[in-house]
Amino acid sequence: MDMNQHPRLNPDYVAEEFDEELLLYSERNSSAVYLNDTAQAILSLCSGEMTIGEIIDLLENQYPNEKKQIIKDTLVALETLKEQGILLLSDDR
Amino acid sequence: MTASGSYLINYGGHAVEIGFNNADAANLIQYLVKDLDLVSTATPESRLDVVASGPKPMLSLWENEKRIYFGDSHYRLAEILINEVIYRLVNNNRKQHALHAGAVTSNGHGIILPAQSGKGKSTLTGWLISRGYRYLTDELVLLSDSGQIEPFTRPISFKTTGSGFVPSYLEQITKPLLVGEHGMMVPHRMINNEYEKNSAKVERIIFPEFREGTAVEIEEISPTRSCHRLLESHVNGRNFSGLGISGLANIVRECRSFNIRYSRFESLEQFFRVPHSF
């Protein structure tokens, strides 16, 4: 993945928050996606403001003892969300 | 002798008219729709016609000049007719959530069994009513935003393809049924004749999966997972313009939800013994 790209939620998706869980639904695609805790935490940072690199830096600073795992988990989650059409990536904010 | 005529079905505020040309056609339609809301006045969104002719008889299903079915199988025509009617009744419904689901009640508690075809919702629905639950539907429900169930009440449709599994509660039934190569439609009163039209608010959501040879697995799931699974069975989700998921989520939050996987009904006896406690 290009670390300089800015991920943001595809506006086709509506987020429905439950107590500690999140469900995303797209009427256009008739698809629903259940997000686990990790994906939810990462998605909350995907406002289009930060780059992928900046998101990873932020998470590494928050969890300094789990740096390697953070990078792996974040990239896997972002790749999965992108493939599912939930995240859009752009070069600019 | 019954002359030609028609039945007007109202479901969820939408109406479909089904015409017939003689007693054979009328009897077949009556067999399928007798527990639905048959009205004398409504503006139908479309009209279908069942035509029976000849001694055998040969059957056909029409929408205007378009022939949808022709053949001698009452079962096959019934199956197609029901699907066509359901599509026309829910396609433009923007007020209720249409879900592929069986549904029953017990002491006023509503239970829905959402599943896609082949997961065993009809056989489980049939088993539940054989155990004293009250029948609503084996195929489709409409849910209002308050969770009130409006069932599409029809004969129970058992598929006999796949595993070839025939539930033991059907063994007692000897009267003629609507039987085809791949299944049969059984009037629910033949399984439990204590039927009166009823409805309820949904309180339990059970996602059934019949899988031959597996041990029973019962798992309570969170509202989020339940809503996710419910959307897989949602028929008219595109009609809700952004608000649908919230309405559905509010219904789910008021319910308890379970995944159940089973291969033998006996293994479900305890779970379903006292429905309002699970």
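This is a predicted model: local features need pLDDT of at least 70, side-chain atom pairs count only at pLDDT 80 or more; totals for chains, interfaces and linings use all residues.

User: What radius of gyration does chain A have, and why does it agree with a compact globule?

Analyst: For 93 residues, a compact globule would have a radius of gyration near 12 Å. The C-alpha trace of chain A spans about 40 × 30 × 20 Å along its principal axes. The radius of gyration of chain A agrees with the globule value, because it is 13 Å.

User: What percentage of the residues of chain A count as buried?

Analyst: A residue counts as buried when its relative accessible area is under 20%. The accessible surface of chain A comes to about 5,500 Å², and carbon and sulfur atoms account for 43% of that surface. Of the 93 residues in chain A, the buried share is 41%.

User: How far apart are the centres of the positive and negative side chains in chain A?

Analyst: Chain A carries 7 positive and 19 negative side chains.

User: Which residue of chain A is the bridge partner of A:Leu22?

Analyst: Strand 3 (residues 22-26) and strand 4 (residues 31-35) of chain A pair in the antiparallel sense, over 5 bridges. Of the 5 residues in strand 4 of chain A, 4 are buried. The bridge partner of A:Leu22 lies in strand 4 of chain A and is A:Leu35.

User: Which residue in the turn between strand 3 and strand 4 of chain A has a positive phi?

Analyst: The two strands form a hairpin, with 4 residues between them. In that turn, a positive phi of about 50 degrees belongs to A:Ser30.

User: Turning to chain B, how many helices and strands are there, and what is the radius of gyration?

Analyst: Chain B has 6 helices and 17 strands, and its C-alpha trace spans about 55 × 45 × 30 Å along the principal axes. With 278 residues, a compact globule would have a radius of gyration near 19 Å. Chain B agrees with this, because its radius of gyration is 19 Å.

User: In chain B, what share of the contacts between residues at least 6 apart in sequence joins residues at least 24 apart?

Analyst: A contact requires heavy atoms within 4.5 Å. Buried residues make up 53% of the 278 residues of chain B. Among contacts between residues at least 6 apart in sequence, the share joining residues at least 24 apart is 68%.

User: How far apart are the mean positions of the positive and negative charges of chain B?

Analyst: Chain B has 29 positive and 29 negative charges.

User: Which are the edge strands of the open sheet of 6 strands in chain B?

Analyst: The strand order in this sheet is 3-1-2-4-5-6, with mixed pairing. An edge strand here pairs on one side only, and the two that do so in chain B are strand 3 (37-38) and strand 6 (66-71).

User: Which residue stands opposite B:Val50?

Analyst: Strand 4 (residues 46-53) and strand 5 (residues 58-63) of chain B run antiparallel and are joined by 5 bridges. The residue opposite B:Val50 is in strand 5 of chain B, and it is B:Leu61.

User: Why is strand 8 of chain B largely enclosed, and which residue is the bridge partner of B:Gly110?

Analyst: Strand 8 (residues 109-114) of chain B is largely enclosed by the rest of the structure because 5 of its 6 residues are buried. Strand 7 (residues 97-106) of chain B pairs with strand 8 in the antiparallel sense over 6 bridges. Strand 15 (residues 202-210) of chain B runs parallel to strand 8, joined by 3 bridges. In strand 15 of chain B, the bridge partner of B:Gly110 is B:Val202.

User: Is B:Asn91 buried or exposed, and with which residues is it in contact beyond its neighbours within four places in sequence?

Analyst: B:Asn91 sits in the loop between helix 2 (74-90) and strand 7 of chain B. Its relative accessible area is 19%, so B:Asn91 is buried. Leaving aside neighbours within four places in sequence, B:Asn91 is in contact with B:Arg238 and B:Asn239.

Definitions and conventions. Residues are numbered from 1 along each chain as its sequence is written. Chains are lettered from A and ligands numbered from 1 in the order in which they are written. Side-chain values use heavy atoms; hydrogens and water are left out. The radius of gyration is taken over C-alpha atoms; the globule rule is 2.2 Å times the number of residues to the power 0.38. Buried means under 20% relative accessible area, exposed over 50%, partly exposed in between (1.4 Å probe, protein chains only). Accessible areas come from the Shrake-Rupley method with a 1.4 Å probe; for residues, only the protein chains shown count as cover. Lys and Arg count as positive and Asp and Glu as negative; His and the chain ends are not counted. The place of a charge is taken as NZ of Lys, CZ of Arg, CG of Asp or CD of Glu. Two strands pair if DSSP finds at least two bridges between them.
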